[in-house]
Amino acid sequence: MKNLLSVLFGVFICCSAAHAQDSTKEQSPPLLSGYADVYYKYNFNKNETDNKTSFTNSHNSFELGMISLKVQHAFGKVSVYGDLGFGKRADEFSYTDEKTSLAIKQLYVSYAPADWVTLALGSFATHVGYELVDADLNRNYSMSYMFSYGPFSHTGLKATFKAGDHSFMVGVFNPTDYKYAPPDSKKYIGAQWAFTPSESGFSSYLNYIGGEDTSGLRNDQLDVVLNYTVSDHFSLGYNGTYSHYKFEDNKTAWWGSALYLNGDFTEHFGLTLRGEYFSDKDGVKVFTDAAAFPDGGSVLSFTLSGNCKIGGHLRLVPEIRLDQASETLFNKGNGSPTQSSPSALFAAIYSF
């Protein structure tokens, strides 16, 4: 595997360099973009540890999310993309790195020798799932359970092939979320099949990531994302995922399913309702206390988010959320256990 990666990397660099010598007239100016977000959250259990998903771990506090700076430059068929994040959200996203509140969220170079194929080497946001790490790219501000307990990023080499309405990606990566792999770590395999028929309003993605980490734990995750635009004012999204683990003779799994209902009633105002069911019967991710939850459990979550657009750059997101667990997963401020966790937040996201 190491020899194969070395050969592929050598071919990648040599081909890129050879083409760059003939492409001096095809250079594009650098593109700079980004966003910043801040929010306030109130948990009605009055407990900041009640949150079991990513990035909104607070109660009755004004919080800084992240400022993200993205730069992109193309030189003929060769390009580079860099995405830096600063803040608490970036710190949680890059949890395998040193905690500095500064993260390289994505960094890769790519080469497209033909219109139907692109090679890319570096670190990428995961292809798995419906939601994305950047707050400006999601309609809900708080995150789903499937996003929070799935992969965040992959670092390695991938190839994407296009054929009409279809595209295919296959890649070789470090262990999930590791930008700097531990010594002698095994590689993961990732793949995606996308079907996006033109002018249909429909798109579908079948995603896979699998491999064995340094502890010998094998993980295989299969994920599907569906999108359908019904009209200019209404669209649907769906995400379903199944994640399987195997360590020696022990097998466990979790799975989830979420539906997104998106309404844009005017140019400046819309609503998104997310309904998610997260099953953790084997106590892999959320119900990890075997003494308290010997049979694991599940969570049914509903999130209603407003999207108020102001001036083309600012988006305000008022949001209410209710997480209802099958067991007493949550705790009130006085320490008493409860099955439900209601919360509300207000976020401001500025994109440029």
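Mentor: Gladly; we will take the labels one at a time and set each value against its definition.

Trainee: What should I know about the model before we start?
Mentor: It is a predicted model, where local features need pLDDT of at least 70 and side-chain atom pairs count only at pLDDT 80 or more, while totals for chains, interfaces and linings use all residues. Residues are numbered from 1 along each chain as its sequence is written, and side-chain values use heavy atoms, with hydrogens and water left out.

Trainee: Why is Lys-46 called exposed?
Mentor: Exposed means over 50% relative accessible area, buried means under 20%, and partly exposed is in between, with a 1.4 Å probe and protein chains only. Lys-46 has 54% relative accessibility, so the label is exposed. Lys-46 sits in the loop between strand 1 (31-43) and strand 2 (61-75). Its phi is positive, about 60°, although Lys-46 is not a glycine.

Trainee: And Glu-248, why does that residue count as exposed?
Mentor: Its relative accessibility is 62%, so Glu-248 counts as exposed. Glu-248 also has a positive phi, about 55°, without being a glycine, and its place is in the loop between strand 11 (234-247) and strand 12.

Trainee: What makes Lys-158 partly exposed?
Mentor: The value is 23% relative accessibility, and therefore Lys-158 counts as partly exposed. This residue belongs to strand 6 (residues 153-163).

Trainee: Which residues does Lys-158 touch?
Mentor: A contact means heavy atoms within 4.5 Å. Not counting residues up to four places away in sequence, Lys-158 touches Thr-118, Leu-119, Ala-120, Phe-124, Met-169, Val-170, Gly-171 and Phe-173.

Trainee: Why is Leu-273 called partly exposed?
Mentor: Leu-273 has 34% relative accessibility, so partly exposed is the label. Leu-273 lies in strand 13 and touches Leu-259, Tyr-260, Leu-261, Thr-303 and Leu-304, leaving out residues up to four places away in sequence. The C-alpha atoms of Leu-273 and Thr-252 are separated by 30 Å, and these residues are 21 apart along the chain.

Trainee: How do you know that strand 12 and strand 13 pair?
Mentor: Strands are DSSP runs of E with at least two residues, helices are runs of H or I with at least four, and both are numbered from the N terminus. Two strands pair if DSSP finds at least two bridges between them. Strand 12 (residues 250-264) and strand 13 (residues 269-280) are joined by 10 bridges and run antiparallel, so by the rule of at least two bridges they pair. Within that pairing, Gly-256 stands opposite Phe-278.

Trainee: How many bridges join strand 13 to strand 14?
Mentor: There are 12, again antiparallel, with strand 14 covering residues 297-310. Tyr-277 stands opposite Leu-300 in strand 14.

Trainee: Which strands pair with strand 1?
Mentor: Strand 2 pairs with strand 1 in the antiparallel sense over 11 bridges, and Ser-33 has Lys-70 as its bridge partner in strand 2. Strand 18 (residues 340-351) pairs with strand 1 over nine bridges, also antiparallel, and there Ala-36 has Tyr-350 as its partner.

Trainee: What makes a set of residues a nonpolar core?
Mentor: The members are buried Ala, Val, Leu, Ile, Met, Phe, Trp, Tyr and Cys residues joined through side-chain atoms within 4.5 Å. The largest such core has 15 residues, and Tyr-145, Val-286, Phe-287 and Leu-329 have the most contacts inside it. Helix 3 and strand 12 each supply at least two residues of this core. A second, separate core of 11 residues includes Tyr-35, Ala-103, Ala-135 and Ala-347.

Trainee: How is a pocket defined, and which residues lie nearest the centre of the second largest pocket?
Mentor: On a 1 Å grid over the protein atoms alone, a pocket is an open set of points where a 1.4 Å probe fits, with protein on both sides within 12 Å along at least five of seven lines; lining residues have an atom within 4 Å of a point. The lining here has 27 residues, with Tyr-95, Gly-150, Thr-176, Asp-177 and Lys-285 nearest the centre. Strand 10 gives the largest share of that lining, three residues.
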